[in-house]
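The report below takes up one residue and its surroundings, and then turns to the wider arrangement of the chains.

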Amino acid sequence: MIKASNLTKNFRKTTAVDNISFEVANGKVTGFLGPNGAGKSSTMRLMLGLDNGGGKTTYDGKLLHTYSRPASVVGVLLEAKAFHPTRSAQNHLKVLANAAGVSASRVDEVLDIVGLKEVAKKGPGKFSLGMSQRLGIAAALLARPKYLLLDEPANGLDPEGIVWLREFLKDYADQGNAVFVSSHLLNEMAQMADNVIVIGKGKLIASTSIKDLVSGGTKSTVFVRSSNQAKLQTLLKDKSFAVRTKDGGLEVSGAKTDQIGKLAFESKITVLELAPKNASLEEVFLELTEGKEEFAAHVAGENK
Amino acid sequence: MGASLKSELRKLFSVRSTYILLGLALVYMAFYDFFIVGFRANAKHHGDFFVNYHSHYYIFSEVARSGGISPPILFCSIVAVLLMAHEYRYNTIMYTLTASNSRSKTLLAKFLAVTGFAILFALFVEILSPSLAVLGMHVHHLSTTGQVFFYKQFFVRVLFYSWAYSTIGLLLAIFFRNLVAAIAALFLLPVAIEPLISLLLTTNQQQYLPFNAMTAVIDNGILQPGANQLSALRSALVVIVYLVVFWLIAWFSFLKRDAN
């Protein structure tokens, strides 16, 4: 397990990361969400000891630099274009393999895994963003690390690449490893991640499972269709639930399915349809981070 | 440590800039040693005993002085700058630092790689410089008989000069973390900054400035001992003191600053 405790980073008068603590569980993909400038990259850099700041991060209870081969503990992708443009992809990975104490044969393996075998001998300077991301992922996988820390790995990947990445990371986590991945692609994150950590303006907003996050959002509702809509609507309103008619049924906010089912049963109303309707991750994300964006755009004509 | 060193050596030899700079050094030596010192040896001023090609010391005095040695060694120093500055320019420093469990080890690996490369480069210059001069004279059918060449002191002086200059390149890259700034400093320090500082000092004090001392390591005491000059050995000690002090500052800053 990765355990980050009291991570703090100040840039002169700005606090980029404000006393954040969280855990990344083994066997799970943990998403890391936050608006632009929320402090995601700074947090990841603190976790790796790249930046000097407050707090500490342990990997299975030990600080990263206490391992003799840190690359076999955590694989990193912080920036897609982190390579010398004229050093071939293969040589780039061989440099990293040497540093990590990994055999050169592993380089060809990871190039094959990410689908870059054909361009192994080419300088990555002219690679597309998607190909660069694949090279970065190959670098992260080199030493078969137990943990992966990936910052926006899906950026620039084509749909096939995104599907591959999703399946690959889920599979990697299923083998007992932990994957910590930041992304702005919320729908993708909803499909990929088991848990999610949300930060805004350097502060921790949420650290929970995706399931709990979306079901707990205020935009989660329950749809119910019954034999006596008017009576059920009155009963629900009496219980202080927000109710509105929709698609021949009722959309109820703030209630759970079992509460509505029980109420209908006690009032001898036949329930024809009863279904929870969770808010999307995007809706919950926007709700959680409202007012916590560092850089917010405005619609033309909107009052600022 | 071994893994980091291996990685640094691969970094050095897997980019084309290393070979381009080596090629440029070769071009300079072909021009200076082969053409100017060798091929055009008889076009030199014959009144000066040492630059007369009939002198037994002609090749040594022409090849072994700083005018011939420092330009190719400068290319070696640029290679050292690139080894460090490319890490910041292309952000590969995050891989370098996360693969190692100690920043001190990383820095030491870079220093050892640069030292190894500087030794190889010095050997390249030491073998090629006099050889090209002899070849140039031979091609022009000029007599090279009876040449006295002090191999040992030539070898040691060039080796030290190459190592010290490359170390300075590495240090500048650590301080500036910027390719252009580090290379600009490498050029400006000996030709502009240090001469300006020299204006504030006496001739005797000027000998203790780092690049003056570096030049003295090559030039002082070769054939003609200069009056009131620091010996080459003492000049080397002056250089070492500077390098040790700046290494300590660089080490501290490398440990304490953010990765990039």
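Leaving aside its neighbours within four places in sequence, L96(A) is in contact with A139(A) and L142(A), and also with Y95(B) and A99(B) of the other chain. The model is a predicted one. L96(A) is also among the residues with the most contacts inside the largest nonpolar core, a set of 83 residues in which L93(A), A138(A), L142(A) and L149(A) are named alongside it. Apart from that core lies another, of 68 residues, which includes L82(B), L170(B), A213(B) and L230(B).

Between the chains, the contact takes 25 residues from chain B and 26 residues from chain A. On the side of chain B that touches chain A, the elements giving two or more residues are helix 1 (2-13) and helix 5 (93-99) of chain B. By class, that side of chain B has eight nonpolar, eleven polar and six charged residues.

Within chain B, the axes of helix 2 (residues 16-39) and helix 6 (residues 103-139) come within 7 Å and cross at roughly 45°, and helix 2 of chain B and helix 6 of chain B are therefore oblique to each other. The crossing of these two helices of chain B is right-handed. Helix 2 of chain B contributes M29(B), A30(B), D33(B), F34(B), F35(B), V37(B), G38(B) and F39(B) to the contact, while helix 6 of chain B contributes L128(B), S129(B), L132(B), A133(B), V134(B), L135(B), G136(B), M137(B) and V139(B). Sorted by class, the residues of this contact of helix 2 with helix 6 of chain B divide into 13 nonpolar, three polar and one charged.

The C-alpha atoms of A182(B) and I168(B) are separated by 10.0 Å, with the two residues 14 residues apart along the chain.

| Property of chain A | Value |
|---|---|
| Helices and strands | ten helices and 14 strands |
| C-alpha box along the principal axes | roughly 75 × 45 × 45 Å |
| Buried share of the 304 residues | 42% |
| Contacts joining residues at least 24 apart, among those between residues at least 6 apart in sequence | 70% |

Definitions and conventions:
Residues are numbered from 1 along each chain as its sequence is written. Chains are lettered from A and ligands numbered from 1 in the order in which they are written. This is a predicted model: local features need pLDDT of at least 70, side-chain atom pairs count only at pLDDT 80 or more; totals for chains, interfaces and linings use all residues. Axes are lines fitted to C-alpha atoms, for helices over the stretch in contact, and angles run from 0 to 180 degrees between N-to-C directions. Helices (H or I, at least four residues) and strands (E, at least two) are DSSP runs, numbered from the N terminus. Angles under 35 degrees count as roughly parallel, over 145 as roughly antiparallel, 65 to 115 as roughly perpendicular and the rest as oblique. A crossing is left-handed if the near helix is turned anticlockwise from the far one by less than a right angle, and right-handed if clockwise. Two residues are in contact if their C-beta atoms, placed from the backbone, lie within 7 Å. Ala, Val, Leu, Ile, Met, Phe, Trp, Tyr, Cys and Pro count as nonpolar, Asp, Glu, Lys and Arg as charged, and the others, Gly among them, as polar. A nonpolar core is a set of buried Ala, Val, Leu, Ile, Met, Phe, Trp, Tyr and Cys residues joined through C-beta atoms within 7 Å. A residue is buried if 20 or more other C-beta atoms lie within 10 Å of its own, exposed if 12 or fewer, and partly exposed in between; C-beta atoms are placed from the backbone.
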